[in-house]
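User: Hello! I am new to this structure and would like to understand the words used to describe it. Could you walk me through it?

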Amino acid sequence: MGKLYAISDLHISHKFNHDAIHLLKPHPEDTLIIAGDIGEKLEHLHTTFALTTTLFKQVFWVPGNHELYTLPHANDVAHEDNALSPTSPATAQVPEPDNLRGELKYLECVKIANDYGVITPEDEFLTWHSDDTASATKAVICPLFLLYDYSFRPDYVSRENALDWAKEHNILATDEALLHPDPYETRDAWCDALLAKAETRLERAVAHKDADVKVVLVNHWPLREDLVTIPSIPRFSLWCGTKRTEDWHRRFKADIVITGHLHVRRTDWRDGTRFEEVSLGYPRQWEGARERGKGVEEMLREIMPGVGEDGKDGNFVGTEEMKTVWRMNG
């Protein structure tokens, strides 16, 4: 039986992560979802897609903020400390157009993905089958690109004052310098357009799916503000999603929602829907897992049939409302 796996935030501009993903094992019957933040440069996509499409039967990808960055210099990469450092020489060298911004950068990423047969938010939603039998588990996989609109903030903070509110705690995302909204005037406006497009596609997909087919939504940024838990930098929430998707799991009858971005691995349940945050993160952030002998292979999240808390396939125990299972070590 084929399995559906997910991971995000590979950040292969870090040499350690670049080398670590090359230790993945072959999964000839399985499907992989990569939920954004492979890296900043087009060569990072080439490297990752060339590898994963040889290891997995099918690969899906959605963009994160890092794929959308326009770097000021050809040899720079953006890291978590907002510093810039040279790209690993071990990464495949592919020329990067230095003038791609905003939507053009995104569409170039989509083109690269499609060249490797990777499914993106611009492709038709596909139905995944666990096997070829009549009793196979089936799910329509919906890759999404929704961005954010700075609305993950307290009600007393206006949009106009949102950045100042974050700066009060010395927080300002690298996106403000490197993620350009062109041709839209603002990231908010780009987010508006992306939401409208996704809503239309999802409405159509849900209306036409068979009753026995599950729905899996995939987006880099969390769909719900109450699932954003980053105690060390709470005001970073501005760059983590939009309140307009809070009910999308109900509205579009999602069985599972897959996201990344936070580098806080967890499983949650809301209204009977399972939410999976599947980040790998920067090397220091999964050091604890490595100390327990785990590599990227063990950090893959099995989505279907799914490994429950009891360790058995497809058997999720304790799925009561508002429950969180922390998965920092795998």
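**Reading the terms from the values**

Analyst: Gladly! Let us begin with helix H2, where the buried residues are Leu42, Glu43, His44, Leu45, His46, Thr47, Thr48, Phe49, Leu51, Thr52 and Leu55. This is a predicted model, in which local features need pLDDT of at least 70 and side-chain atom pairs count only at pLDDT 80 or more, while totals for chains, interfaces and linings use all residues. Residues are numbered from 1 along each chain as its sequence is written, and side-chain values use heavy atoms, leaving out hydrogens and water.

User: Why does Leu42 count as buried?

Analyst: Buried means under 20% relative accessible area, exposed means over 50%, and partly exposed lies in between, with a 1.4 Å probe and protein chains only. Leu42 has 2% relative accessibility, so it counts as buried. Its place is in helix H2.

User: What makes H2 largely enclosed by the rest of the structure?

Analyst: Of the 14 residues of H2, 11 are buried, so the helix is largely enclosed by the rest of the structure. For the chain, buried residues make up 56% of its 330 residues.

User: How do you know which parts are helices and which are strands?

Analyst: They are DSSP runs numbered from the N terminus: helices are H or I with at least four residues, strands are E with at least two. On that basis the chain has nine helices and 13 strands.

User: What span is expected of helix H3, and what does it reach?

Analyst: The expected span is 1.5 Å times one less than the number of residues. H3, residues 102-115, has 14 residues and reaches 20 Å from its first C-alpha to its last, close to the 20 Å expected.

User: Why are the buried residues of H3 said to line one face of the helix?

Analyst: The buried residues of H3 are Gly102, Lys105, Tyr106, Cys109, Val110, Ile112 and Ala113. Seen down the helix axis, they fall within an arc of 160°, so they line one face. That arc is taken from the directions from the helix axis to the C-beta atoms. On the other side of H3, Leu104 and Asp115 are exposed.

User: What do the buried residues of H3 pack against?

Analyst: They pack against helix H2 (42-55), strand E3 (56-61) and helix H6 (187-208). Contact here means heavy atoms within 4.5 Å. Across the chain, residues 24 or more positions apart account for 74% of the contacts with a separation of 6 or more.

User: How is a pair of aromatic rings described?

Analyst: Such a pair is described by the distance of the centres and the angle of the planes. Rings of Phe, Tyr and Trp (its six-membered ring) pair if their centres lie within 6.5 Å; planes under 30 degrees apart count as stacked, over 60 as edge-to-face and the rest as tilted. A search of the whole structure finds 12 aromatic pairs.

User: Why is the pair of Tyr106 and Phe145 called tilted?

Analyst: Their ring centres are 4.5 Å apart and their planes are at 40°, so the pair is tilted. Tyr106 lies in helix H3 and Phe145 in the loop between strand E7 (138-143) and helix H4 (162-167), so the pair ties together parts that are 39 residues apart in sequence. At 3% relative accessibility, Tyr106 counts as buried, and Phe145 counts as buried at 4%.

User: And what makes the pair of Tyr150 and Trp239 edge-to-face?

Analyst: Here the centres are 6.3 Å apart and the planes are at 70°, so the pair is edge-to-face. Tyr150 is in the loop between E7 and H4, and Trp239 is in the loop between strand E8 (213-218) and helix H7 (248-251), 89 residues apart. Both Tyr150 and Trp239 are buried.

User: How do you know that the charged end of Arg201 sits over the ring of Phe125?

Analyst: A charge sits over a ring if NZ of Lys or CZ of Arg is within 6 Å of the ring centre and within 35 degrees of the ring normal. The charged end of Arg201 is 4.3 Å from the centre of the Phe125 ring and is found to sit over it. Likewise, Arg290 lies over the face of Trp286, at 4.8 Å from the ring centre.

User: Is Lys253 buried or exposed?

Analyst: Lys253 has 52% relative accessibility, so it counts as exposed. Lys253 is in the loop between H7 and strand E9 (256-259) and has a positive phi of about 55° although it is not a glycine. Asp37 also has a positive phi, near 60°, but at 2% relative accessibility Asp37 counts as buried.
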